Amino acid sequence: MPATTLDQLVSLCKRRGFVFPSSEIYGGLQGVFDWGPLGVELKNNIISSWWRTNVYERDDMEGLDAAILMNRLTWRYSGHEETFNDPLVDCRDCKSRWRADHIKGRCPNCGSTNLTEPRPFNMMFKTAVGPVADADSFAYLRPETAQGIFVNFGNVLATSNRKLPFGIAQVGKAFRNEINPRNFLFRVREFEQMEIEYFVMPGTEDEWHQRWLEDRLAWWESIGIPRARIKIYDVPPDELAHYSKRTFDLMYDYPTLGHEEVEGIASRTDYDLGSHSRDQETLNLTARANPNRDSTARLTYYDPESRRHIVPFVIEPSAGVGRCFLAVLAEAYDEQMVKAPPPERVHAVTDALEAFLKSVGRNEKLAPETRDALVERGQAILAGLPETMPQIETLLAMPGADQIETGKKLRGQAQGPIDEYFRTVLHLKPHLAPIRVAVFPLKRNHEGLVAMARELRTAIQSGSFFRTVYDDTGAIGKLYRRQDEIGTPYCVTVDFQSLEDGTVTVRDRDTMQQVRIPASEVRAYVTGRG
Ligand code: GAP
């Protein structure tokens, strides 16, 4: 079963080093996160899968990596200076600030309805380029990667000899000064986008829009997100972005959050290329482009058939890497009872959990929302025991839990049975797993086993595009559990028989079944399986 709460994912990411709050030792920076050792591997694998599918496996795509800093005029003519705003309100009572469309007229901090009128707040971060901070040095951090593609349209066309339709793909950082960053990686201020601008003949855009919708859903499926878990939201006209004629938002069913946007597929017409072009009056633009006196180029395509210069229309599939990462984790997440724990151990955990919840209820130092959240989660776990026992780890990682003295007792009672009778497993597709193979010696103090395991790790790793690790820091059962929790699909064990006949066992993460094969075949075995 996929994750049921966002906290399960937050707890796993923290525990196993997928994601850290940025500059945590100084109190962090709201809405900014760092990718830890496992997070960076999973994120890179997601990006590689996206790039492979959208660039290498198609013959109508080119790649690009444009700079984050761009001439400020880009953002004037793209329309972002004028329209990239969120409605901001202030709470007159507690002085907090909120996005008006997220709070239904009531301050989430103090409950007051004494709010200011909404006013536009531009979300682009500003910076100065060069040693003197004056009007000429002013620049923005890009709020989307897309504009880097539009302003390079002429360069790519001139150097690649492409004919319409063709696309340009790019993955890179984007920055938005979100009023209320929240929900872990879901709404942040610094994030990465995987964007495609696909240029088509005017009049064919609706057909391509549908084709891209299908292609993108197929990719989501290939990374483990079934179609049934994504709703397609046909964005109504009054919610469309300023550049869009029609947009399909792909809404993944996130734990705790429900259906939220993971990717937008917009039909951007000739708005962007038109807005960044000079001589607009000669271009027969259909979009209400921004009048442009600064551009030095006409971003057009010469159509050999009609012998005319035309401004292509654009279909734009745009996905956030962090939101994709969260969806992949949520879908892969599973807590399994491997063996039923004995009743006396369940009773001990039940008693400790009840005592913990009583202490939470009595604790007056906790903020009411923190207390309610702990009690609500704790009660749900209590009602579901013993199956819900692993969620006690998540409960104890929630804000405020560390202030409850009986939490230590609860951890003491629960940790043993959690380790012994349960496993958390990430059923990640092998091509996404941060680590594809882990190699263990059956005994860490046996020279022969250690030497063979280390050699095998090097042999599997050498020349492959996935990560293979060696580990001997625990008993085999514990090592398997640790790898299950981070989604490693194959664990290879070198045992005494290996020293005699050169075979090793390969354990499958999902079935927990082992096969014995020659060590020399392991690389092919794990490579051939995704
Ligand atoms: N170029 C089009 C564009 O930027 P968008 O819908 O604003 O469109 C595209 O963003 C994707 O970027 C979203 O579907 C989402 O996955 C991701 N995204 C946008 N804002 C984000 C934020 N503040 N935090 C995390 N991801 C975000």
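Reader: What share of the 530 residues in the protein is buried?
Author: Buried residues make up 52% of the 530. Buried means under 20% relative accessible area, exposed over 50%, and partly exposed in between, with a 1.4 Å probe and protein chains only.

Reader: Where do these values come from?
Author: This is a predicted model: local features need pLDDT of at least 70, side-chain atom pairs count only at pLDDT 80 or more, and totals for chains, interfaces and linings use all residues. Residues are numbered from 1 along each chain as its sequence is written, and side-chain values use heavy atoms, with hydrogens and water left out.

Reader: How many helices and strands?
Author: The protein has 18 helices and 23 strands. Both are DSSP runs numbered from the N terminus: helices are H or I with at least four residues, strands are E with at least two.

Reader: What does the C-alpha trace span?
Author: About 80 × 65 × 50 Å along the principal axes.

Reader: How many positive and negative side chains?
Author: There are 65 positive and 74 negative ones, and the centres of the two sets lie 3 Å apart. Lys and Arg count as positive, Asp and Glu as negative; His and the chain ends are not counted. Each charge is placed at NZ of Lys, CZ of Arg, CG of Asp or CD of Glu.

Reader: What about contacts in the protein with a separation of 6 or more?
Author: Of those, 67% are between residues 24 or more positions apart. Contact means heavy atoms within 4.5 Å.

Reader: On to helix 12. What should its 17 residues span?
Author: Helix 12 covers residues 368-384 and should span 24 Å at 1.5 Å a residue. Its end C-alpha atoms are 24 Å apart, which agrees. The expected span is 1.5 Å times one less than the number of residues.

Reader: Which residues are buried in helix 12?
Author: Leu-374, Arg-377, Gly-378 and Ile-381 are buried there. They cover an arc of only 100° around the axis, so they sit on the same side of helix 12. The arc is that of the directions from the helix axis to the C-beta atoms.

Reader: What covers them?
Author: The cover for the buried residues of helix 12 includes helix 1 (6-15), helix 11 (343-362) and helix 13 (391-397).

Reader: Which ones are exposed on the other side?
Author: Glu-369, Glu-376 and Ala-383 are exposed on the other side of helix 12.

Reader: Switching to helix 7. Which residues are buried?
Author: In helix 7 (residues 153-160), Phe-153, Val-156 and Leu-157 are buried. Their arc around the axis is only 100°, which puts them on the same side of helix 7. Ala-158 and Thr-159 are exposed on the other side.

Reader: What do the buried ones pack against?
Author: The partners of the buried residues in helix 7 include strand 3 (61-63), helix 6 (146-151) and strand 9 (166-175).

Reader: What follows helix 7?
Author: Asn-161, whose phi is positive, near 55°. Most residues other than glycine have a negative phi, and most peptide bonds are trans.

Reader: Which peptide bonds are cis?
Author: One of them runs from Leu-164 to Pro-165, with omega near -5°. Pro-165 is in the loop between helix 7 and strand 9. The bond from Leu-385 to Pro-386 is also cis, with omega near 5°. Pro-386 is in the loop between helix 12 and helix 13.

Reader: Thr-269: buried or exposed?
Author: Thr-269 counts as buried, at 11% relative accessibility. Thr-269 lies in strand 13 (residues 258-269), and its phi is positive, near 50°.

Reader: Last one. Where is Asp-136?
Author: Asp-136 is in the loop between strand 7 (126-128) and strand 8 (138-140). At 74% relative accessibility, Asp-136 counts as exposed. Asp-136 and Arg-72 are 64 residues apart in sequence, and 9.4 Å apart in space, C-alpha to C-alpha.
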